[in-house]
Protein chains: 2
Amino acid sequence: MKLVIACLVVVLNSAHTYKLTWDSERHLLDETIRRPYSLTDDPDYMKQREKMIADEDAMRLGGRLVLQPEEQAVNKILMAEKTKMMDDSRINRTPYIPSLSFYQVKPKVENTTLLKLIRQMPKGGALHVHDLSGASIDWLIQNATYRDNIYMCVDPDSYILFKAFKTPPPNPDCPWKSVKEERAAASSPQAFDALLKKNLTMLEVDPVEAYPNNDKAWIRFQKFFMQVYYLIYYVPVFRDYYRRTLEEFSADNVQYLELRAQLWGLYDLEGKVYDSEFGLNLLLNVTEEFKKVNPNFIGAKVIMCGIRNSNVSVIAENVKNAVALKQLYPDFLAGYDLVSDEVWYNPLIYYLDALLYPSRMDPPYDLPYFFHAGETDWQGTEVDKNLVDAILLNTTRIGHGFALSKHPNLAKVVRTRQIGVEVNPISNQLLRLVTDLRNHPMNGLLAQDYPIVISSDDPSVWESYPLSHDFYMAFMAMSSEDADLTFLKQLAINSIRYSAMSKSERKAATAKWEQSWSTFIKTYLSQRP
Amino acid sequence: MKLVIACLVVVLNSAHTYKLTWDSERHLLDETIRRPYSLTDDPDYMKQREKMIADEDAMRLGGRLVLQPEEQAVNKILMAEKTKMMDDSRINRTPYIPSLSFYQVKPKVENTTLLKLIRQMPKGGALHVHDLSGASIDWLIQNATYRDNIYMCVDPDSYILFKAFKTPPPNPDCPWKSVKEERAAASSPQAFDALLKKNLTMLEVDPVEAYPNNDKAWIRFQKFFMQVYYLIYYVPVFRDYYRRTLEEFSADNVQYLELRAQLWGLYDLEGKVYDSEFGLNLLLNVTEEFKKVNPNFIGAKVIMCGIRNSNVSVIAENVKNAVALKQLYPDFLAGYDLVSDEVWYNPLIYYLDALLYPSRMDPPYDLPYFFHAGETDWQGTEVDKNLVDAILLNTTRIGHGFALSKHPNLAKVVRTRQIGVEVNPISNQLLRLVTDLRNHPMNGLLAQDYPIVISSDDPSVWESYPLSHDFYMAFMAMSSEDADLTFLKQLAINSIRYSAMSKSERKAATAKWEQSWSTFIKTYLSQRP
């Protein structure tokens with residue numbers, strides 16, 4: 001749809017009659033906007049102005065990186081599209097794609113040269129991704145639900161839930177049926193799979209309309225996890241789902257992953273439920289296998305997660321367990337976090353004794369924390385104060401930190417201690433914390449080069465690329481028109497710098513990423529006509 | 001409509017069967033959220049935590065004010081409602097009124113004890129209000145359009161425009177008809193007036209739906225000014241409209257006003273068009289008369305405004321004119337600004353030579369500027385760079401400054417030089433720069449006690465109280481749950497501190513406002529049962 005804009009202006013001429021006229025002079029005005037510098041003869045003013053703008057540009061994330069000639073060539077392509085898209089929309093008053101809901105603009109974004117460029121770009125690591133939402137829904141439907149022993153039921157709210165059984169038990173509220181048989185009885189497998197997709201996807205309806213606020217979005221969001229939890233936590237599916245996650249991230253040119261996972265609770269057909277070590281080991285083995293066949297892939301680590309609606313005693317056990325596992329798997333287990341809706345469930349302070357446990361051990365044990373904190377608009381509430389507790393509990397990174405810009409003192413600590421903040425633009429938008437990403441509260445901190453990384457949280461739920469769409473949104477909606485390839489490059493560098501990798505791991509990872517980056521630059525240029 | 005919320009949680013019990021259950025434990029959890037402090041036996045931690053929270057609370061706007069016992073009593077009433085409203089909505093997942101579009105929640109807000117309290121509160125000055133939108137649309141309809149010689153026409157877009165004539169000229173695109181005759185021919189004056197209201201109001205339809213972005217909102221917004229411009233700029237109406245503006249602001253317990261006005265262009269029935277000095281004099285006389293009969297009213301000043309779609313030569317003349325007028329009326333004319341859509345029209349840099357004129361005079365003349373700047377989401381564009389030019393042009397205050405938090409260096413200058421930033425919450429929301437005011441980019445700067453004042457921009461267009469609704473929104477959506485009466489009191493203090501008043505005027509104004517404040521506190525308490 002072409003947007004036809006009519007702007008009427010009042011023209012007051014000398015005779016003071018008035019007429020309404022179309023803004024026919026607009027093009028002329030644009031011309032002058034494009035070259036305002038010719039309008040003054042004050043070189044001192046212009047010098048001061050340029051300095052002020054340049055000083056600020058240097059302060060932003062990536063603002064001090066210097067591009068090599070080949071990078072400059074790629075930058076030129078990148079910036080031509082960025083500037084054109086911003087200027088076209090601004091000057092012609094047409095909708096600005098990256099300002100709209102991701103749900104609405106996804107197909108349009110996917111057609112851009114810029115997204116394709118970002119997809120090819122080695123983006124380093126994704127540091128904030130959950131185990132139940134790393135690989136695509138389509139894979140779940142086309143692969144996991146085609147397996148033997150997978151059952152489905154339709155709950156009283158008409159959502160389909162999945163689970164694996166040898167023989168399903170009676171379940172009156174939600175009677176189990178074999179997915180295989182249901183599919184066979186359907187008009188076609190395609191139609192059946194489309195029905196599954198429609199039932200699983202959060203984007204089946206316009207999420208801006210359907211989930212008008214953060215609470216309503218979270219209710220649907222959590223429902224998704226209930227739908228797929230027992231499908232994915234079935235051991236053989238879990239193994240393949242995680243492998244698929246690595247494959248999809250790798251195909252999106254992400255070289256490294258830190259996965260948040262519950263770990264305990266994997267189960268098999270014999271009714272056996274496995275503990276956290278089993279889960280961790282499984283992830284470790286898949287990671288090692290994957291690295292072997294994908295030498296460019298840097299690796300993965302796991303952040304073990306408790307759920308913040310658990311009883312204190314459960315989390316206390318969980319933390320002890322994390323300490324034990326960290327001692328056994330110091331390289332693979334990065335640390336511990338608490339997940340799920342911060343607003344609806346318990347704040348960190350509720351679990352304080354459990355979370356202080358490692359520091360109270362004799363000798364104190366340093367269990368790295370990666371707390372979700374400040375994923376909220378509720379300033380000054382117990383939810384918002386999760387940021388305070390995360391910092392007091394010496395968190396290594398902060399998940400989301402959406403509320404951080406409202407906390408000048410905490411923000412200062414975050415900067416001084418170089419606590420990485422994992423920003424997930426599309427997640428924040430679809431969960432309705434912010435509407436237009438140009439208004440994301442992290443934009444001010446990105447403009448000051450805070451220790452920020454961009455991640456994707458739950459790409460399967462947004463049906464986005466594993467990381468590229470979030471990079472795209474950060475680049476097009478969360479940075480200045482002047483922010484260029486250095487911004488994206490710095491995000492990749494930050495993802496290694498603020499990762500849980502050891503110093504030596506980071507060094508090796510940086511070398512690997514630099515190699516990939518240099519290949520990307522050369523390849524990209526050689527592909528261009 | 002009561003919102004019924006169902007939250008399902010997965011309960012994993014020891015036997016690893018699963019059931020879906022209603023979150024019946026929620027109340028229990030809430031209890032624990034309300035008293036988390038009992039959960040730890042680590043007094044050091046709690047002390048650090050309290051200090052961290054208190055330190056940050058002290059950093060916010062008003063955070064260092066100390067309330068007297070009577071103020072504390074009012075504060076208690078105020079905070080009971082704030083906390084209840086925030087906690088109820090957060091804990092029960094019901095919509096949070098102050099987070100929604102002002103259009104949708106206006107009637108609900110008006111019913112609150114809190115708004116009534118804020119309305120009674122002496123709020124000091126409104127420093128950002130335009131001359132065509134200070135007094136209510138209802139007054140325009142019920143008073144201005146009932147006068148002799150007022151004509152209306154319906155333009156090709158079905159908008160009604162007004163103007164005064166002795167005898168209207170032919171105007172084929174929009175033929176003039178006598179409002180009196182049209183009203184007499186209508187089924188009833190009430191029905192006719194309702195039609196006028198429906199045609200004038202921006203809130204006739206849900207503005208979130210109707211104006212999905214900043215551009216579309218601006219188009220309707222500017223149309224409003226075209227509709228009423230010639231009605232209000234008719235000398236007798238202008239005089240009364242401004243008097244009515246003072247009355248409405250005064251009734252809303254605003255003691256001081258800085259009005260942005262074009263000044264030139266007032267006209268009479270004889271076809272005479274008046275110059276800026278005439279306009280300024282008229283405003284001055286009305287102000288003086290008003291002050292005489294309202295001794296509690298502090299006063300008003302005028303900021304003369306050019307329109308940023310004018311030719312450079314027009315603005316050059318305008319600035320010279322402003323210099324001359326400032327010399328003639330140093331106390332009443334505060335200074336100069338450029339108005340209208342920053343995105344659509346020319347940036348400050350376009351008028352640089354004109355704006356540098358006073359500083360290039362021999363000797364240099366210091367014409368105070370009050371530039372609109374940064375009322376945009378277009379980071380890093382020429383629009384956004386208005387902030388740079390406003391600062392380089394030594395602006396006294398900044399109108400809106402919505403983009404300021406994206407400019408760390410400029411923000412620092414604003415703080416150091418104590419450049420007052422005039423934030424207009426409802427305006428920013430209805431013109432679609434921000435959806436949920438809890439996400440307003442100024443919230444981070446309010447949390448750091450930047451030199452901010454709250455104003456209302458165009459209260460007649462939003463059909464809001466002159467200032468109370470904006471104070472309400474700032475208090476309920478743009479500050480921490482901990483921010484109390486000190487926040488509102490500081491906003492009032494700031495409105496005097498950052499006003500264009502001279503030192504001695506400010507001293508007298510402060511004394512007057514303090515008197516009103518103390519009366520308010522006593523009266524409010526005495527009214528309570």
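**Exercise 1.** In which loop of chain A is A:His440 found? Determine also whether A:His440 is buried or exposed.

*Solution.* The model is predicted, so local features need pLDDT of at least 70 and side-chain atom pairs count only at pLDDT 80 or more, while totals for chains, interfaces and linings use all residues. Residues are numbered from 1 along each chain as its sequence is written, chains are lettered from A in the order in which they are written, and side-chain values use heavy atoms, with hydrogens and water left out.

Step 1. A:His440 is found in the loop between helix H17 (425–430) and helix H18 (443–446) of chain A. Helices here are DSSP runs (H or I, at least four residues) and strands are DSSP runs of E (at least two), numbered from the N terminus.

Step 2. The relative accessible area of A:His440 is 2%, so this residue is buried. Buried means under 20% relative accessible area, exposed over 50%, and partly exposed in between (1.4 Å probe, protein chains only).

Step 3. Neighbours within four places in sequence are left aside; A:His440 is then in contact with A:Phe402, A:Val423, A:Asn428, A:Val434 and A:Met478. Contact means heavy atoms within 4.5 Å.

**Exercise 2.** Which parts of the chain does the pair A:Asp138 and A:Lys197 link?

*Solution.* Step 1. The side chains of A:Asp138 and A:Lys197 form a salt bridge, at 2.9 Å from N to O. A salt bridge is a side-chain nitrogen of Lys or Arg within 4 Å of a carboxyl oxygen of Asp or Glu.

Step 2. The pair links distant parts of the chain: A:Asp138 lies in helix H6 (residues 137–142) of chain A and A:Lys197 in helix H8 (residues 189–200) of chain A, 59 residues apart.

Step 3. A:Asp138 has 40% relative accessibility and therefore counts as partly exposed. A:Lys197, at 23%, also counts as partly exposed.

**Exercise 3.** How many salt bridges are counted between chain B and chain A? Describe how the two chains meet.

*Solution.* Step 1. The count between chain B and chain A is 12 salt bridges. One of the salt bridges joins the side chains of B:Lys385 and A:Asp482 (3.5 Å, N to O).

Step 2. The contact takes 107 residues from chain B and 107 residues from chain A.

Step 3. Of the interface residues of chain B, 100% are also interface residues in chain A, so the copies meet through the same surface.
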